[in-house]
Amino acid sequence: TFAVPSYETSARAYRTFLRYALVSPKPVFYILRGNAYDRFLKPLVEKLKSFGARRFELLTSTMVTDLTLHPGTREVTHVHLIDGRGKPGLRRVQKLILAVPPERLTSLVDGNTLLRRHAPELLGVRKLRSQQMASLDLVFHGKLPGIPRDHVTLLDPVGNARHRSGVSSKYGLSFIDNAQVWGLDKTFLNVVATDFEPLAGMPKEEAQKLIIAELRKYLSFELRDID
């Protein structure tokens, strides 16, 4: 529900979200007690590697470009890959677990006649879409006063005529102070922009400045306060 711009969230999807969320409304959100790599991704990779190379080969930072199917058995025999250095490769497989974004899977299906013929249900993947979002970590030299411990969604400033037609801040900003969860002595805001399209084509530095300028309409701090 919240991984797309707010204007693309349907009433039906939000109603389903509320049905599940209100069963146990507090806390509404959970966050990890540390950064995502150390607390989630690294343990997951280590667990997978613990099963041993004899059971499967684990490839990371790798792009899947095509699949080769056996015409008779309909099984995938080879996977075409590009590694993190841009080098193409080919892997023979016996069993395959494919975890790719829906847009990537759609292109695989479109370019593979055998795959469309043997698994026509994959054509329905076009109904799934993912949306790019922007995330900005801001660490301050000290503690900002009045920052809640909970997740905060920024609404329009009262009386701001420029934004009266909307329901959220420009770029759909929300944030949480990681410092209050991780036990740090400085404010550490993780800021997310869900309405990302206006920023998508900009240089990273320019997009950061716009997000910070929008954030300063709601929070009292100076640029020199940011570490």
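Biologist: Which residues point one way from strand β6, and which the other way?

Modeller: Leu173, Phe175 and Asp177 point one way from β6, while Ser174 and Ile176 point the other way, and all are buried. Buried means under 20% relative accessible area, exposed means over 50%, and partly exposed lies in between (1.4 Å probe, protein chains only). Strands are DSSP runs of E with at least two residues, helices are runs of H or I with at least four, and both are numbered from the N terminus. As a rule, side chains in a regular strand alternate between the two faces of the sheet.

Biologist: Before we go on, what kind of model is this?

Modeller: It's a predicted model: local features need pLDDT of at least 70 and side-chain atom pairs count only at pLDDT 80 or more, while totals for chains, interfaces and linings use all residues. Residues are numbered from 1 along each chain as its sequence is written, and side-chain values use heavy atoms, leaving out hydrogens and water.

Biologist: Why is β6 called largely enclosed by the rest of the structure?

Modeller: Count the buried ones: 5 of the 5 residues of β6 are buried, so the strand is largely enclosed. β7 (residues 188-193) gets the label too, because 6 of its 6 residues are buried. Phe188, Asn190 and Val192 point one way from β7, and Leu189, Val191 and Ala193 point the other way.

Biologist: How do you know that β6 and β7 pair?

Modeller: Two strands pair if DSSP finds at least two bridges between them. β6 (residues 173-177) and β7 have 5 bridges in the antiparallel sense, so they meet that definition. Look for Ser174 with its bridge partner Val192 in β7, and Leu173 with Ala193. On to another pair: β4 (residues 134-139) and β7 are joined antiparallel over 6 bridges, with Leu138 opposite Leu189. β5 and β6 have 2 antiparallel bridges, so this pair passes as well, given that at least two are needed. Here Val152 partners Phe175, and Thr153 stands opposite Ser174.

Biologist: Which strands are the edge strands of the sheet?

Modeller: The open sheet has 4 strands in the order β4-β7-β6-β5, with antiparallel pairing. β4 and β5 are the edge strands, as each pairs on one side only.

Biologist: What makes Tyr171 count as buried?

Modeller: Its relative accessibility is 7%, which is under 20%, so Tyr171 counts as buried. Tyr171 sits in the loop between β5 (152-153) and β6, and its phi is near 70 degrees, a positive value in a residue other than glycine. Most residues other than glycine have a negative phi. Arg74, in the loop between β1 and β2 (76-82), also has a phi near 70 degrees.

Biologist: How do you know that the buried residues of α3 line one face of the helix?

Modeller: The buried residues of α3 are Pro102, Leu105, Thr106, Leu108 and Val109. Seen down the axis, they fall within an arc of 160 degrees (taken from the directions from the helix axis to the C-beta atoms), so they line one face.

Biologist: Why is Glu222 called partly exposed?

Modeller: Its value is 36%, between 20% and 50%, so Glu222 counts as partly exposed. Arg216, at 35%, is partly exposed for that reason as well.
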